[in-house]
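Please examine the sequence and the model shown here.

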Amino acid sequence: MDINLLIDQLVAYAVNEKLLAPRDRAWAVNQLLALLHLDEYTPSGFKGKTPKFPCEILKNICDWAVEKNLISPDTVTMRDLFDTKLMGVFAGLPSAVTEEFFTLHKKSPKSATDKFYHDARALDYIRTERVAKNLAWKTRTPYGTLDITINMSKPEKSPQDIASALKAKASAYPPCLLCKENEGYAGRINHPARQNLRLIALDVLKDGDPWYLQYSPYVYYNEHCIFLSGHHEPMKISQTTFARLLNFVDFLPHYFIGSNADLPIVGGSILTHDHFQGGRYTFAMEKAPLERTFKLKKFPRVKAGVVKWPMSVIRLVGSKKDLIEASGYILKKWRAYSDEKADILAHTNDTPHNTITPIARRRGKAFEIDLVLRNNRTSAQFPLGIFHPHQEVLHIKKENIGLIEVMGLAVLPARLAKELADLEPLLIKRDISAIRKSETLNKHADWAEELLKKYTFTPQNTQTILHSEVGKVFAKVLEYAGVFKRTPEGQAAFDRFIKKL
């Protein structure tokens with residue numbers, strides 16, 4: 001394997017993707033030589049085309065590094081630590097990246113994010129090759145066309161990596177995966193390398209307390225970004241949250257931005273660090289129409305309505321200032337609201353249950369915010385959550401319903417890819433007995449039995465049917481997460497809350 005050729009290919013790639021100026025070519029070669037423990041280098045004369053992304057070049061360099069014992073053991077984690085270090089050579093200084101972002105923003109917000117997103121992918125911070133492994137399809141439902149994704153992009157840890165992580169010295173730096181201190185961090189066996197991560201500091205509230213913009217390394221939709229607090233502080237939904245969200249879409253009007261709820265069960269996977277998620281994608285929820293409108297007496301200029309959606313969503317449209325105040329008002333009312341007929345209690349002793357998942361966007365010159373009402377109560381009948389996926393749908397989705405799912409994109413576990421594939425031949429044979437006897441498939445048995453009553457499965461239609469039915473289960477998952485049910489009684493309960501506004 002010719003390491004000189006691989007070095008030249010990687011440097012040529014960086015130049016072509018405008019990660020590196022031609023003037024800096026020799027410098028970059030020398031940086032790579034140092035990382036590869038090489039004292040000598042002979043130019044290969046490479047003049048060929050470079051790929052859109054560096055994955056194949058990096059794989060070949062890692063293969064060479066394994067042979068030279070620079071990567072040991074040969075695991076995904078150790079390769080990630082090594083190839084991220086290589087790509088860090090081509091990442092600009094944070095100050096230079098920030099200056100370029102704001103210079104481009106003066107031309108147009110879109111040109112600023114276009115460049116920032118391009119570089120995150122080109123630097124392999126966004127693992128495009130792995131993201132491409134995700135299985136994705138769309139399903140029509142009464143609520144619009146939902147997005148379904150089976151997450152295949154995050155690699156499984158090898159036994160060696162797991163053992164090494166257990167032996168690794170505990171470290172509190174960086175405090176978590178969302179802290180700004182990750183920028184440029186070399187990583188370790190139990191914390192990913194981030195030499196190719198860059199952040200943009202945005203003080204959207206003009207209060208001297210900037211938050212930081214980056215992209216997700218495993219994007220679930222176009223330009224999937226994260227906007228994170230500069231402080232390692234827990235999630236907290238407040239009127240300041242709404243102000244920050246709406247000011248963000250004022251600064252980047254082509255993006256939406258939303259926050260997970262701030263309570264367990266109804267929140268996201270990381271509650272310990274305040275952050276938002278956004279991007280450039282139109283979810284089914286954004287397309288969903290209003291079912292009915294109502295007036296907010298305290299905010300006569302704000303248009304308010306109930307969205308036709310499986311969860312309980314109030315949509316507000318108006319000026320930025322009015323929406324910040326109206327959203328804060330509704331949050332305060334909801335935090336204190338109880339309706340025992342609808343299983344909604346604001347508190348159990350000193351434990352709060354009510355919160356909101358907010359999503360902000362622009363509608364032309366107007367501002368729009370969706371307020372998704374959440375409640376995290378549990379009961380003996382529903383120990384995972386009264387407003388959480390119930391038993392009949394846990395075979396498809398049992399994880400928390402966070403911001404991305406709330407908007408209509410299911411992020412389903414990797415196990416489903418094999419389980420659905422294994423179900424196909426048994427459904428075609430109508431062998432429900434084999435499904436019930438299978439350790440991995442028996443969780444789907446009742447569902448499969450219902451499907452066999454509805455369909456005649458063939459090799460040509462089985463996958464299409466399963467994909468459609470998984471989407472329908474996801475719609476049911478969202479209905480369970482709704483605090484006011486999609487029934488006459490549930491909507492009457494919704495109206496009782498609206499009257500309090």
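This is a predicted model: local features need pLDDT of at least 70, side-chain atom pairs count only at pLDDT 80 or more; totals for chains, interfaces and linings use all residues.

Residues are numbered from 1 along each chain as its sequence is written, and side-chain values use heavy atoms, with hydrogens and water left out. The protein contains 17 helices and 15 strands; helices (H or I, at least four residues) and strands (E, at least two) are DSSP runs numbered from the N terminus.

**Overall form**

- Along the principal axes, the C-alpha atoms fill a box of roughly 75 × 65 × 45 Å.
- Of the 501 residues, 54% count as buried; buried means under 20% relative accessible area, exposed over 50%, and partly exposed in between (1.4 Å probe, protein chains only).
- The accessible surface amounts to about 23,200 Å², and 53% of it belongs to carbon and sulfur atoms. Areas come from the Shrake-Rupley method with a 1.4 Å probe, and for residues only the protein chains shown count as cover.
- Among contacts (heavy atoms within 4.5 Å) between residues at least 6 apart in sequence, 64% join residues at least 24 apart.

**The ten-stranded sheet**

- Ten strands form an open antiparallel sheet in the order β3-β4-β5-β7-β6-β13-β14-β10-β9-β8. Two strands pair if DSSP finds at least two bridges between them.
- At the edges stand β3 (200-202) and β8 (290-294), each with a single partner strand, so one side of each has no neighbour in the sheet.
- Neighbouring strands of this sheet are turned by 25° against each other on average, direction ignored. Axes are lines fitted to C-alpha atoms, for helices over the stretch in contact, and angles run from 0 to 180 degrees between N-to-C directions.
- Helix α9 (residues 239-251) packs on the sheet, where its contacts include β3, β4 (211-215) and β5 (225-229), and its direction makes about 20° with that of β13.
- Helix α11 (residues 320-335) lies across β10, β13 and β14 and runs at about 10° to β14.
- Strand β10 (residues 313-318) is largely enclosed by the rest of the structure, because five of its six residues are buried.
- On one side, four bridges join β10 to the antiparallel strand β9 (residues 303-307), and the two form a hairpin with five residues between them. V306 stands opposite I314 in this pair.
- Strand β14 (residues 366-375) is also antiparallel to β10 and is joined to it by six bridges; here the bridge partner of I314 is L371.

**The three-stranded sheet**

- Three strands form an open sheet of mixed pairing in the order β1-β2-β15. Its edge strands are β1 (135-141) and β15 (409-412), each pairing on one side only.
- The twist from one strand to the next averages 20°.
- Seven bridges join β1 to β2 (residues 144-150) in the antiparallel sense, with T141 opposite G144.
- Helix α13 (residues 415-429) packs on this sheet, touching β1, β2 and β15, at about 100° to the direction of β2.
- Helix α16 (residues 462-481) also touches β1, β2 and β15, and its direction makes about 65° with that of β1.

**Nonpolar cores**

- A nonpolar core is a set of buried Ala, Val, Leu, Ile, Met, Phe, Trp, Tyr and Cys residues joined through side-chain atoms within 4.5 Å.
- The largest core has 72 residues, of which L213, F248, L296, L316, I330 and F484 touch the most other members.
- Leaving aside neighbours within four places in sequence, the contacts of L316 include L296, I330, F367 and L371.
- Another core, of 54 residues, lies apart from the largest one and includes F283, I401, A417 and A448.

**Selected residues**

- A448 lies in helix α15 (residues 445-454) and is buried, with a relative accessible area of 1%. Not counting residues up to four places away in sequence, A448 touches L427, I432 and I435.
- D119, in helix α6 (residues 109-122), counts as buried at 14% relative accessibility. Beyond residues up to four places away in sequence, D119 touches L19 and E100.
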